[in-house]
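Please look at the structure shown below before reading on.

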Amino acid sequence: MYDVAIIGAGVVGAAIARELSKYQISIAIIEKNSDVSEGTTGANCCNIYEPFRQPKGSLNQKLLIRGNEIYDEMCRDLDVPFKRMGSITVGFDEEDREKIENMYNKAVENNASGVRIVNREEIAKLEPNIDEKFKFGFYSPNCGCVWPFQLVVALVENAMDNGAELFLNSEVKNVERIARGFKIITKDKFIYTKYVINCAGLHADEINNSLAEYSKYTIVPKRAQFIVFNENIGTMFKHLVNRCPKEGDRGLNILPTVGGNIVMGPVFETAPDKEALGTSEDKIEILKKKMSRLSDKIPFDKVIRCFAGLNGKEESGKVILGESEEVKGFINAASVDQGITCAPAIAEMISDIVKDIFERDYEPIKENPDFNPKRRRIYRFKELSDNEKEELLKRDPKYGRVICRCEMITEGEIVDAIHRNCGATTVKGIKNRTKALMGECQGGFCEPRILEILARELGKEMNDIQYDNRGSYILSDNI
Ligand SMILES: Cc1cc2nc3c(=O)[nH]c(=O)nc-3n(C[C@H](O)[C@H](O)[C@H](O)COP(=O)(O)OP(=O)(O)OC[C@H]3O[C@@H](n4cnc5c(N)ncnc54)[C@H](O)[C@@H]3O)c2cc1C
């Protein structure tokens, strides 16, 4: 029997797993997909937000403050790219001016450092490609960006290095109460645990409601669509730029990413269901029209792809964090706001709850004396100095064979991504860990070679390698 079972390997579940691996307890991470970070965490704006966006003193604000401040050290320890690029919210009419002044006052009230109101001249210096009509803005240096997929891989890998176990392809169908714990029923196994932490994102309601009688809740999905630009325009915008929120124009963002691409969006809509990840031409056209109001220089011919993300919030919008009052030992971490930013803080909060309930039901849990917060270094070949490249090539010549020519990703990086804890088993897994297939050709040249490497390293036939989830075979025998 595990001490704790975490259902869902998105950013929230992954951060909790790592936090709990600091203690001498057994941890199972149960994920329905063939890889981690395939839910909401896999498709969003990737920002580490500033704390002043939430009401002063609210739980959300506390989580944002703590989450934001943890990021530098956490990403350093885990060797995850993280950049504090800062943000500018721009406006042009009186209504915008008032909103921008309010934002500034709220930020100052909340002790935000380095924030200021900027005029046209300064906007032009910070972001020369923003339309001239934007005469004033609110600047904050504390906003950052991360690649959430890589963060989740790193968190889970580090949790596993410290003793946690990961079960992929293990959709939880039901959870039952048993004496002193729970029986988790997946398609092909039972997992027994003293406590459950429900981090199933969009599907957290189904997990909770399989146990609860009077504390059921409903998660409602909302869809957001984005466009991604070729890396060539990566230097055109340097900060997160957002349009001062207006009726019908909520949250229009220009998002520089840690990977060098620019993402723009989103346009929001109610999603028909929790799997509706398709994009639509009409929404993308609306998005492009809206974005061109921010800058008429945006080169839409450099768009390389579109994608959609789904956010899941409880019907009334409330955050659901903590032990269920009805089902003791069952902890929800669901319907969170700005979950990428808040996840490390949520993890600390849930870890405190787990410590308390262990003490209540058993005895205090002890710290793990062998806990190592650091992840083994990842060699990103193109970022190394000439000396480092030479040294690495002597140790492993696979780093001398470029597989993805657009992104300059080597065989050594791909093989390493397969053989770590929480390693890649699919083509998409390689793409998201290494950035191979993400360039202009979108895998046109390197995908067959990656398929070959995956098959060789995993001891499988090429026909058995999938793009991502069950059934997405690339070669024809399995279709
Ligand atoms: C468009 C958009 C933009 C956003 N931008 C930002 C941003 O810039 N900054 C920020 O901080 N936040 C942002 N967010 C919010 C953030 O993405 C989410 O709060 C966060 O990703 C939620 O993480 P999670 O782990 O709770 O859920 P998820 O990432 O959805 O993880 C849940 C996991 O549970 C698994 N699962 C579900 N059901 C089962 C089951 N039955 N059995 C086993 N596993 C199961 C899923 O497969 C999934 O892996 C954005 C959200 C959206 C939609």
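**The sheet and its rings**

Eight strands form an open sheet with mixed pairing, in the order β6-β7-β5-β14-β15-β16-β13-β17. The model is a predicted one, in which local features need pLDDT of at least 70 and side-chain atom pairs count only at pLDDT 80 or more, while totals for chains, interfaces and linings use all residues. Residues are numbered from 1 along each chain as its sequence is written, and side-chain values use heavy atoms, with hydrogens and water left out.

Helices (H or I, at least four residues) and strands (E, at least two) are DSSP runs, numbered from the N terminus. Two strands pair if DSSP finds at least two bridges between them. At the edges of the sheet stand β6 (116-119) and β17, each of which pairs on one side only. From one strand to the next, the twist averages 25 degrees. Within the sheet, strand β5 (residues 87-91) and strand β14 (residues 240-243) run parallel and are joined by four bridges. In this pairing, S87 stands opposite L240 in β14. Helix α3 (residues 94-109) packs on the sheet and touches β5, β6, β7 (136-140) and β14, where contact means heavy atoms within 4.5 Å. The direction of helix α3 makes about 20 degrees with that of β7; for such angles, axes are lines fitted to C-alpha atoms, for helices over the stretch in contact, and the angles run from 0 to 180 degrees between N-to-C directions.

The aromatic rings come next. How many aromatic pairs does the structure hold? There are eleven aromatic pairs. Rings of Phe, Tyr and Trp (its six-membered ring) pair if their centres lie within 6.5 Å; planes under 30 degrees apart count as stacked, over 60 as edge-to-face and the rest as tilted. One of the pairs is formed by F182 and F330, which are tilted, at 6.4 Å centre to centre and with 55 degrees between the planes. F182 belongs to strand β11 (residues 181-186) and F330 to strand β19 (residues 330-334), so this pair ties together parts that are 148 residues apart in sequence. F182 is buried, its relative accessible area being 0%, and F330 also counts as buried at 0%. Here buried means under 20% relative accessible area, exposed over 50%, and partly exposed in between (1.4 Å probe, protein chains only).

F229 and F300 also form a tilted pair, because their ring centres are 6.1 Å apart and their planes stand at 45 degrees. F229 lies in strand β13 (residues 219-229) and F300 in the loop between α7 (281-294) and β17 (303-314), so the pair ties together parts 71 residues apart in sequence. F229 is buried at 0% relative accessible area, whereas F300 is partly exposed at 23%. Elsewhere, ring pairs link Y195, F358 and Y362 into a cluster.

Charged side chains also meet rings. A charge sits over a ring if NZ of Lys or CZ of Arg is within 6 Å of the ring centre and within 35 degrees of the ring normal. K133 lies over the face of F92, at 5.9 Å from the ring centre, and R405 lies over that of F445, at 4.7 Å.

Two single residues complete the tour. N230, in the loop between β13 and β14, counts as buried at 6% relative accessibility. Leaving aside residues up to four places away in sequence, N230 touches N261, K302, I304 and E440. K290, in helix α7, is buried with a relative accessible area of 15%. The C-alpha atoms of K290 and R243 are separated by 9.8 Å, although these residues are 47 residues apart along the chain.
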